Amino acid sequence: MNLNTSTNPDNTQEEETARATARVVLIAAAAAIGGFLFGFDTAVINGAVDAVRHGFALGAGEIGFAVSCALLGSALGAWYAGPLADRLGRVRTMQVAALFLMVSALGSGLVHGVLDLVLWRVVGGIGVGMASVIAPAYIAEVSPANVRGRLGSMQQLAIVLGIFVALLSDAWLASTAGGAAKVLWLGLEAWRWMFLVATVPALIYGVLVLGVPESPRYLVARGRLPEARTVLAKVLDLHSDSALDAKVNDIAHSLRAEYRPTLRDLRGPRTGLLPIVWTGILLSVFQQFVGINVIFYYSSTLWHSVGFSETDSFSITVATSIVNVLVTLVAIALVDKIGRKPLLLIGSAGMTITLGLMAVCFSQATGSGTNLSMPEPWGMIALVAANAYVVCFGLSWGPMVWVLLGEMFPNSIRAIALAVAAAAQWMANFAITSTFPWLAEMGLAFAYGLYALFALLSLLFVMRAVRETRGIELEDMKA
């Protein structure tokens, strides 16, 4: 009996496509570890706030700056990441970012005073800022259009996983030592180990990015066409010479072959910058002005101040970060089905309501500063509202902004425009984070009411200014 053993061409093609998709996912995952470090480095300070404040006898303004100073470095790193990536390549720039982060982790854990801490936190911030620009740009540049949204969302998933692991390690170290200010190992306090453990993911990141291919768009811009064809064949599942030639030509045309964009290319005819650049900047600013990082930088201190024990405050913070991770997974599943703009609108509406509810809850509190008291049931309502707010943000403005920033700009200005938008994001983050201790002393109801107002403004902004990018090739993005 003869068996038909011929290969079905359709099945073979599907298997090859699946393998190509799997390769892209692995490449994107390696690059997104920069987002993990981004989340870890920025959130790890949460567990150390009280210990650092009391250990160095800092006031509200001083602790606000000590917490937020890394964000100034992040703005600097984000600003120069684009030009550096255009000169050295995306992969080499990611390696430089890993080095900054590893050195910062060691320095921050071994400081002798608050000025030392500020210095090393700024160094780490530079690495975070670089990673925040390069990872989404790189992922967008190696991803097929039909899955680019989901792969771009991996950056935000990595960020929230980094936040979760940082807060979990903070809680575990503080619990093991009996408090963040207690000595743990080698004569070092637990809060110092909170910084030191960041050397591990930084080292892993630096090693993994050694194995990812360079961006085909960077290779084409540098005239390295054979390498670009090889990468495109792997990540886009292109095999015919004609298809590869057509793709390379499309990229070369969109990049204005061998032209290096500068800030001058971002200028617009009326308002100083191109409208698409302003849209990117305002997306970045609103993402921070809704106050999300107050939850992840100060939440342990916040819940402790309204009556929860230190242990319970750490547990609540970890639970909130788990919620953030889970809802980000939901966003990844929805981004290429529903689209970017609808999710942003849903998130803005939800954040306006939940932040407004938090403002009402804190208006019922008595006392001030770190000596607040919130009567029942307002404490539990505030806790539920805070987590509902994280759900709204994690479903929308968390991942969608990074997806949009990685893909919304034309190829000719993507790196430099993304650098400008990310720098604006870090400056906005600094403004919110550094002012929160001062706003908290004025009144938490006022602080969360202000964030609710910005959430409402973000809703109006998205309705009027943001364009949907789902399914559009990067070469077809318009200014």
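Predicted model: local features only at pLDDT ≥ 70, side-chain atom pairs only at ≥ 80, totals over all residues.
Biologist: How many of the residues of helix α17 are buried?
Modeller: Helix α17 covers residues 397-407 and is mostly covered. Among its buried residues are Trp397, Pro399, Trp402 and Glu407.

Biologist: How are helix α12 and helix α17 oriented to each other?
Modeller: Helix α12, which spans residues 275-289, packs with α17 at an angle of about 160°, and their axes are 10 Å apart. The crossing of these two helices, α12 and α17, is left-handed. Since angles over 145 degrees count as roughly antiparallel, α12 and α17 are therefore roughly antiparallel.

Biologist: Which orientation do α15 and α16 have to each other?
Modeller: Helix α15 (residues 340-362) packs with helix α16 (residues 378-395), their axes lying 8 Å apart and making an angle of about 165°. The crossing of α15 and α16 is, moreover, left-handed. Because the cut-off for this class is an angle over 145 degrees, the orientation of α15 and α16 is roughly antiparallel.

Biologist: Is Gly129 buried or exposed?
Modeller: Gly129 is found in helix α5, which runs over residues 114-142. In sequence Gly129 is 293 residues apart from Ala422, yet in space their C-alpha atoms are 7.6 Å apart. The relative accessibility of Gly129 is 0%, and because a value under 20% is needed for this class, Gly129 counts as buried.

Biologist: What separation do the C-alpha atoms of Arg414 and Ala137 have?
Modeller: Arg414 has its place in helix α18, which is made up of residues 414-442. With a relative accessibility of 1%, Arg414 counts as buried. Although Arg414 and Ala137 are 277 residues apart along the chain, the separation of their C-alpha atoms is 7.7 Å.

Biologist: Why does Leu457 count as partly exposed?
Modeller: Leu457 is found in helix α19, which takes in residues 444-465. Partly exposed residues lie between the buried class, under 20%, and the exposed class, over 50%. Leu457 falls into this middle class because its relative accessibility is 35%.

Biologist: How much accessible area does the nonpolar patch that includes Leu457 have?
Modeller: The patch lies on the surface, and Leu457 forms it with Leu453, Leu456, Leu460 and Met463. Residues in such a patch need over 30% relative accessible area, and Leu457 is at 35%. Taken together, the residues of this patch have an accessible area of about 430 Å².

How values were computed
Residues numbered from 1 in each chain as written. Heavy atoms only, no water. Buried < 20%, exposed > 50% of the residue type's maximum accessible area, 1.4 Å probe, protein only. Helix = DSSP H or I, 4+ residues; strand = E, 2+ residues; numbered from the N terminus. Patch = residues over 30% accessible without salt bridge, like charges linked within 9 Å, V, L, I, M, F, W, Y side chains within 5 Å. Areas by Shrake-Rupley, 256 points an atom, 1.4 Å probe, with all protein chains shown as cover. Salt bridge = Lys/Arg side-chain N within 4 Å of Asp/Glu carboxyl O. Axes fitted to C-alpha atoms, helices over the stretch in contact; angles between N-to-C directions. Parallel < 35°, antiparallel > 145°, perpendicular 65-115°, else oblique. Left-handed = near helix turned anticlockwise from the far one by under 90°.
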